[in-house]
Amino acid sequence: MPDRLFLFAGYNKNNIVDDALIYYVKALSKHGDVILCMDCDCSKSEINKINKYTLHTIAARHGEYDFGSYKRAFQYARDNDMLQKYNHVYLVNDSVFGPTIDIEQTLKSIESKDSDATGLIVSKHKTHSFMESWFVCLDKKIFLSKWFDEFISSVTTEKEKYIVTVKYEHGLSNLIKNNGCSWGGLFTIYGRETYNQPKYLFRHGCPFVKKLSFTRHNGALGAQIKYILKHCDKDAATAIMNSANALYGVEYMNRFLTNNIFKIVLRNISYLKEKLKNGGI
């Protein structure tokens, strides 16, 4: 019997189930059950592409971002009396590509941590630190509690995305601590390193790369992504490229994946000029 349940939040602007999502869900399904909730209106034919890898799939626009999908997946598991049989419940979403390497050791490392909740990445800040909510493991002490049920069930539509980040992503870490539980992480980053240092994270064993890394700094991170694609699992690289070409365009990806230092410097300069123009870095 599977020991893990993955509550997977997905989104695709084109209302499709793309290669990267299929690859990701398939990889997770080898290590536990998956309930997929997509915040978009996918056709039955699109859902059929992935159904064999999921316990249940929901695909309907709700506008509550990833935590709205976590809510719906959690409530499906709760209402069908499924939660009690698992030792670990994961909150995961498709804001990343991957896994770029076999994920089994990553899961074991996360579950060996001496904390009630463990994020793949903890973001450290001067005033606050939190688990990045795109890959978080919860123990029974949390996911069977009344306070977690109330928290996740309270998710609603917010006017601004930053409110979602503060209220739910930061809020989850605060809530866990305030209820006498502990949280930690496998990797610790500072500032925006999750987006800006994908090669560093990959070389240190992080099995995912943020999709935002493909567009950050005016496309200046292409050499880092090219390194990852060259050294990661070949099937993962193919799935990532197929989906990236669909998301960003083949022409953009051809320009993006460059090792040309001159082009990279120009893109960074262009990015900095734009940031300064809009009020500073």
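Author: Strand β1, helix α1 (residues 19-29) and strand β2 form a β-α-β unit that is right-handed: with the strands pointing away from the viewer, the path from the first strand over the helix to the second runs clockwise. Helices (H or I, at least four residues) and strands (E, at least two) are DSSP runs, numbered from the N terminus. This is a predicted model, in which local features need pLDDT of at least 70 and side-chain atom pairs count only at pLDDT 80 or more, while totals for chains, interfaces and linings use all residues. Residues are numbered from 1 along each chain as its sequence is written, and side-chain values use heavy atoms, with hydrogens and water left out.

Within the unit, β1 and β2 (residues 33-38) run parallel and are joined by six bridges; two strands count as paired if DSSP finds at least two bridges between them. Leucine 5 has aspartate 33 as its bridge partner in β2. Strand β1 also pairs with β4, again in the parallel sense and over six bridges.

Strand β1 covers residues 4-10, and seven of its seven residues are buried. Here buried means under 20% relative accessible area, exposed means over 50%, and partly exposed lies in between (1.4 Å probe, protein chains only). In a regular strand, side chains alternate between the two faces of the sheet. Arg4, Phe6, Phe8 and Gly10 point one way from β1, whereas Leu5, Leu7 and Ala9 point the other way, and all are buried.

Most residues other than glycine have a negative phi, and most peptide bonds are trans. Tyrosine 65, which lies in α3, has a positive phi near 60 degrees. With a relative accessible area of 34%, tyrosine 65 is partly exposed. Aspartate 81, in the loop between α3 and β4 (88-93), likewise has a positive phi, near 55 degrees. At 63% relative accessible area, aspartate 81 is exposed.

Arginine 78 also belongs to α3 and is partly exposed at 28%. Beyond its neighbours within four places in sequence, arginine 78 is in contact (heavy atoms within 4.5 Å) with Leu83, Asp149 and Ser153.

Proline 99 sits in the loop between β5 (96-97) and α4 (104-111).

The chain as a whole has 13 helices and 10 strands. Its radius of gyration, taken over C-alpha atoms, is 19 Å, close to the 19 Å that the globule rule (2.2 Å times the number of residues to the power 0.38) gives for 281 residues, so the chain is as compact as a globular protein of that length. Its C-alpha atoms fill a box of roughly 55 × 45 × 35 Å along the principal axes. Of the 281 residues, 51% are buried. Among contacts between residues at least 6 apart in sequence, 73% join residues at least 24 apart.
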